[in-house]
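Q: Could you take a close look at one helix in this model and walk me through what surrounds it? I would enjoy a connected account, from its packing partners to its surface.

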Amino acid sequence: MTEPADLALREQFSTPALREQFSNIDQQRESSTLGMWIFIITEMMLFGGLFVAFTVYRLRYPHAFLTGSSEMEFTLGAVNTAVLICSSLTMALAEWYAEQGKGLRCAILLLATAVIGAVFVGIKFFEYYLHFRDHKMPAFGFSASGGLAPQIQLFFVFYFLMTGLHSLHLIIGIGLMLGMFAPAFSGVITAKYHTPIDNAGLYWHFIDVIWVFLYAIFYIPGAHLK
């Protein structure tokens with residue numbers, strides 16, 4: 001006969017959210033979290049390589065890169081930094097409400113996070129337009145005065161490559177927030193099972209941290225020359 005303890009254990013972990021390859025929710029949570037951390041580490045290697053390359057050329061062409069930084073839209077960059085910090089707050093609150101089993105509030109905050117992320121992307125694309133208008137987009141009529149034009153263009157190559165890659169990750173993150181909205185709203189996410197929200201939060205906070213470093217290397221060095 002089946003022991004009462006076994007029945008209670010099965011009832012505790014009997015949920016549509018449990019995948020068949022896992023024996024219980026705890027095992028599924030640990031596997032999912034480990035997978036997300038492995039993914040984040042690979043992303044850190046990707047961005048880390050770009051940061052190292054930028055640093056090498058920054059040390060080689062300090063004046064040119066400083067000139068390029070002085071042509072950044074410092075105000076828009078600062079606003080976008082504040083926007084992403086706000087999105088980290090709403091994401092953290094969504095995680096907290098998920099842990100409390102308050103799915104509706106979690107869903108609302110996930111939607112708010114997605115909207116704030118969309119605001120960031122909108123501002124970033126407007127900033128790209130301003131650079132294009134001012135002929136600062138490499139290979140699209142780039143122009144700069146003086147003999148450092150090629151080196152300044154290299155700065156903008158790094159700028160568009162790294163911020164563009166970040167924006168792509170942010171757009172994916174927005175899709176992730178919207179994808180988590182339905183499970184949170186419908187009650188699939190509970191106090192016992194909120195791993196998808198936690199993993200989405202890890203991804204979102206990672207994107208936010210990357211932007212802080214991007215802001216530091218592209219905007220701050222030449223801000224005093226504006």
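A: Happy to! Let's start with a crossing: helix 5 passes helix 6 in a left-handed manner. Please keep in mind throughout that this is a predicted model. Helix 5 covers residues 103-133, and helix 6 covers 149-186. The two pack at an angle of about 160°, and their axes are 9 Å apart. Since angles over 145 degrees count as roughly antiparallel, that angle makes helix 5 roughly antiparallel to helix 6. As for what meets there, the contact of helix 5 with helix 6 is made of 22 nonpolar, 8 polar and 2 charged residues.

The crossing of helix 4 with helix 5 is left-handed. Sorting the residues of the contact between helix 4 and helix 5 gives 19 nonpolar, 4 polar and 3 charged.

A further partner is helix 7, residues 195-218. Here the axes of helix 5 and helix 7 come within 13 Å and cross at roughly 25°. With angles under 35 degrees counting as roughly parallel, this makes helix 5 roughly parallel to helix 7. The crossing of helix 5 and helix 7 is again a left-handed one.

Now for the surface. Leu111, Val115, Val119 and Leu178 form a nonpolar patch there, and together they have about 330 Å² of accessible area. Which helix gives the most to this nonpolar patch? That is helix 5, with 3 residues. Val115 is a patch member that lies in helix 5.

Finally, follow the chain into the loop between helix 5 and helix 6, where you will find Lys136. Lys136 forms a salt bridge with Glu71, and their closest N and O atoms are 3.2 Å apart. Glu71 sits in the loop between helix 3 (62-70) and helix 4. The pair therefore joins distant parts of the chain, 65 residues apart. By this rule, the count of salt bridges comes to 3.

Definitions and conventions: Residues numbered from 1 in each chain as written. Predicted model: local features only at pLDDT ≥ 70, side-chain atom pairs only at ≥ 80, totals over all residues. Heavy atoms only, no water. Patch = residues over 30% accessible without salt bridge, like charges linked within 9 Å, V, L, I, M, F, W, Y side chains within 5 Å. Areas by Shrake-Rupley, 256 points an atom, 1.4 Å probe, with all protein chains shown as cover. Salt bridge = Lys/Arg side-chain N within 4 Å of Asp/Glu carboxyl O. Helix = DSSP H or I, 4+ residues; strand = E, 2+ residues; numbered from the N terminus. Left-handed = near helix turned anticlockwise from the far one by under 90°. Nonpolar A, V, L, I, M, F, W, Y, C, P; charged D, E, K, R; others polar. Axes fitted to C-alpha atoms, helices over the stretch in contact; angles between N-to-C directions. Parallel < 35°, antiparallel > 145°, perpendicular 65-115°, else oblique.
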